[in-house]
Amino acid sequence: MQDFNFDLSGAFEEAPAIKPYINIGALLDIPTGVFIKGKYGEHILNGGLGFITGVVGIGNNFKSTIMHYMMLSAMSRFPKSKANTYDTEINIQQSRLQALSFSFETFKDRRIIDEGTWTVTDKTVYYANEWYEQWKKFMKGKIDNANKFTIELPFLDTKKNDGSITKMVYPTFTQVDSFSEFETEDVANIQNANELGDSGGNTIHMRQGLSKVRFLSDIPKLIAKGFNPMLMTAHIGKDIPMDPRAAPVKKLQFLKNGDKIKGVTDKFMFLTSACWQCSSAVPFTNDTTKAPEYPRSPDDDMKGDTDLNIVTLTLLRNKNGVTGLTIQLLVSQREGVLPSLSEFHYIKTNNRYGIDGTLQHYALDLLPDVKLSRTTVRSKIQENAALRRALNITAEMCQMDLLHEYEKGFVCTPKELYNDLIAKGYDWNILLNTRGWYTAENDKQEVPFLSTYDLLALRAGKYHPYWLEDDKKTIKKAFVKK
């Protein structure tokens with residue numbers, strides 16, 4: 001039989017090779033990401049905040065606070081971005097959102113709510129269908145004028161194979177808090193026209209479900225074309241079957257038996273890029289002192305202080321990596337998610353990965369001159385940028401060891417990384433004064449880019465930073481931002 005060789009090139013317009021995830025830190029990037037080569041041979045982590053992200057849980061488990069952190073962190077990496085929140089529960093205090101934004105260096109001297117960078121609306125202004133029509137109008141305008149807002153991302157465009165890099169429209173962001181209470185006007189009218197118990201209200205849940213299915217079916221194309229990541233919270237409740245003898249049906253493999261995500265339809269389960277479940281949240285106090293486990297300062301010793309909480313997150317859905325992974329975030333009721341402290345607690349509880357010293361007094365292998373203790377680490381994180389960077393690298397190395405596979409010679413301990421790079425003649429202070437997250441015009445930023453993967457490749461002799469001279473100590477003039 002004659003072989004047929006069908007050439008499909010040109011028959012179809014191909015989709016973009018890269019669906020960008022925005023790096024957001026706090027242990028959330030490595031589990032949802034992969035490293036992709038850039039135009040200089042560097043490796044960029046495509047992980048963090050995908051196109052559609054769900055954060056689910058029972059009440060008082062910080063799901064909204066964690067969702068706000070995710071969006072604010074992504075916005076801080078693209079500081080000209082805008083955001084809109086649709087509050088379906090009519091309980092968001094804008095002063096609270098403003099306070100959460102101050103935790104980010106980019107926003108600490110700005111009032112992003114007052115200046116219109118982050119707008120908030122709710123059901124008193126728009127029913128869900130009305131808000132969605134406004135959102136679609138905004139997205140259509142953004143897409144139609146994409147050429148005015150096009151930016152370069154550092155990922156190689158592998159489809160072209162000519163050294164060009166990925167181009168996208170500048171990102172914007174949307175939140176729905178919560179999707180469980182997403183109510184359209186027709187459903188509200190039925191509610192108003194029928195008293196409780198009236199048969200005329202029997203179709204409410206069916207009609208609302210259909211509207212949510214339409215919404216979830218419509219948004220992926222607009223989100224992807226307009227680079228507008230959407231974040232949604234939803235409530236976890238108990239699944240009580242009509243037939244008590246029926247076997248429980250699990251919609252997601254790692255969702256606990258008997259639990260269900262309320263009022264979201266099945267499309268929520270498989271259209272989310274990542275879905276995180278806040279499965280527990282408890283005050284994080286020291287067993288002996290009953291004060292915060294990591295106090296703000298050594299004098300912060302009030303017993304019963306419940307500001308610091310430890311929240312357990314389970315990755316129920318993940319299109320870019322493993323599912324079922326569990327991590328713990330440290331969350332302050334006042335300050336929100338504490339990313340660097342979360343990274344510190346992560347390595348400390350993973351066999352003290354990259355930590356040297358006694359149980360009471362210690363230092364990071366990547367920053368041996370900064371002495372730490374349980375009662376000082378939180379305040380030192382606040383005041384020391386090098387410590388925050390060293391914690392980020394150490395935590396990512398630990399996660400990479402557990403979740404990724406690398407060629408022989410790449411894997412090493414933080415101590416080996418530190419000692420070997422210094423032995424090769426690199427200035428460790430220069431290597432530490434970098435950032436591991438990417439942004440628009442990535443090679444033109446004041447702080448040079450160096451991913452954790454790049455550091456490992458540097459040690460293995462398979463990479464040299466494109467912005468560094470061969471003397472390993474001087475930043476090239478072309479990459480010194482004036």
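1. Lys473 sits in the segment after H12. Helices (H or I, at least four residues) and strands (E, at least two) are DSSP runs, numbered from the N terminus. The model is predicted: local features need pLDDT of at least 70, side-chain atom pairs count only at pLDDT 80 or more, and totals for chains, interfaces and linings use all residues. Residues are numbered from 1 along each chain as its sequence is written, and side-chain values use heavy atoms, with hydrogens and water left out.

2. Lys473 has a relative accessible area of 48%, so it is partly exposed. The cut-offs are under 20% relative accessible area for buried, over 50% for exposed, and partly exposed in between (1.4 Å probe, protein chains only). Leaving aside neighbours within four places in sequence, Lys473 is in contact (heavy atoms within 4.5 Å) with Gly425, Asp427, Ile430 and Leu468. A polar atom of the Lys473 side chain lies 3.2 Å from the backbone oxygen of Gly425. Tyr362 is 111 residues from Lys473 along the chain, and the two C-alpha atoms are separated by 29 Å.

3. Lys212 deserves a look. This residue lies in helix H5 (residues 204-225). Lys212 is buried yet has no salt bridge. A salt bridge here is a side-chain nitrogen of Lys or Arg within 4 Å of a carboxyl oxygen of Asp or Glu. Lys and Arg count as positive and Asp and Glu as negative; His and the chain ends are not counted. The nearest side chain of opposite charge is Glu181, 7.1 Å away. What does the side chain of Lys212 have at 3.1 Å from one of its polar atoms? The backbone oxygen of Phe179. Not counting residues up to four places away in sequence, Lys212 touches Phe179, Ser180, Phe182, Gly263 and Thr265.

4. Next, the core. The largest nonpolar core has 132 residues. Such a core is a set of buried Ala, Val, Leu, Ile, Met, Phe, Trp, Tyr and Cys residues joined through side-chain atoms within 4.5 Å. Phe215 and Phe268 have the most contacts inside it. Phe268 touches residues that include Gly54, Val56, Phe179 and Cys275, not counting those up to four places away in sequence.

5. Trp131 is in helix H3 (residues 128-144). Its relative accessibility is 2%, so Trp131 counts as buried. Its side chain makes a polar contact with that of Asn84 at 3.0 Å. A polar contact is a pair of N or O atoms within 3.5 Å; within protein, one must be able to donate a hydrogen and the other to accept it, and residues adjacent in sequence count only if both atoms are side-chain atoms. Beyond four places in sequence, Trp131 also touches Phe182, Phe215 and Met230, among others.

6. Helix H2 (residues 94-101) has Leu97, Gln98, Leu100 and Ser101 buried. They cover an arc of only 160° around the axis, which puts them on the same side of H2. The arc is that of the directions from the helix axis to the C-beta atoms. Their cover includes helix H1 (63-77), strand S5 (118-122) and strand S14 (336-337).

7. Check the backbone at three sites. The Asp177 to Ser178 peptide bond is cis, with omega near 5°. Ser178 lies in the loop between strand S8 (173-177) and helix H4 (185-193). Lys290 is not a glycine, yet its phi is positive, near 65°. Asn351, also not a glycine, has a positive phi of about 60°. Lys290 is partly exposed at 45% relative accessibility, and Asn351 is exposed at 78%.

8. Asn442 is in the loop between helix H11 (428-432) and helix H12 (452-459). Asn442 counts as buried, at 4% relative accessibility. A polar atom of its side chain lies 3.1 Å from the backbone nitrogen of Thr439.

9. Salt bridges number 17 in the whole structure. Glu115 pairs with Arg110, closest N and O atoms 2.5 Å apart. Asp307 pairs with Arg334 at 3.5 Å. The latter pair links distant parts of the chain, 27 residues apart: Asp307 in the loop between S11 and S12, Arg334 in the loop between strand S13 (326-332) and S14. Asp307 is buried, with a relative accessible area of 7%; Arg334 is exposed at 53% relative accessibility.
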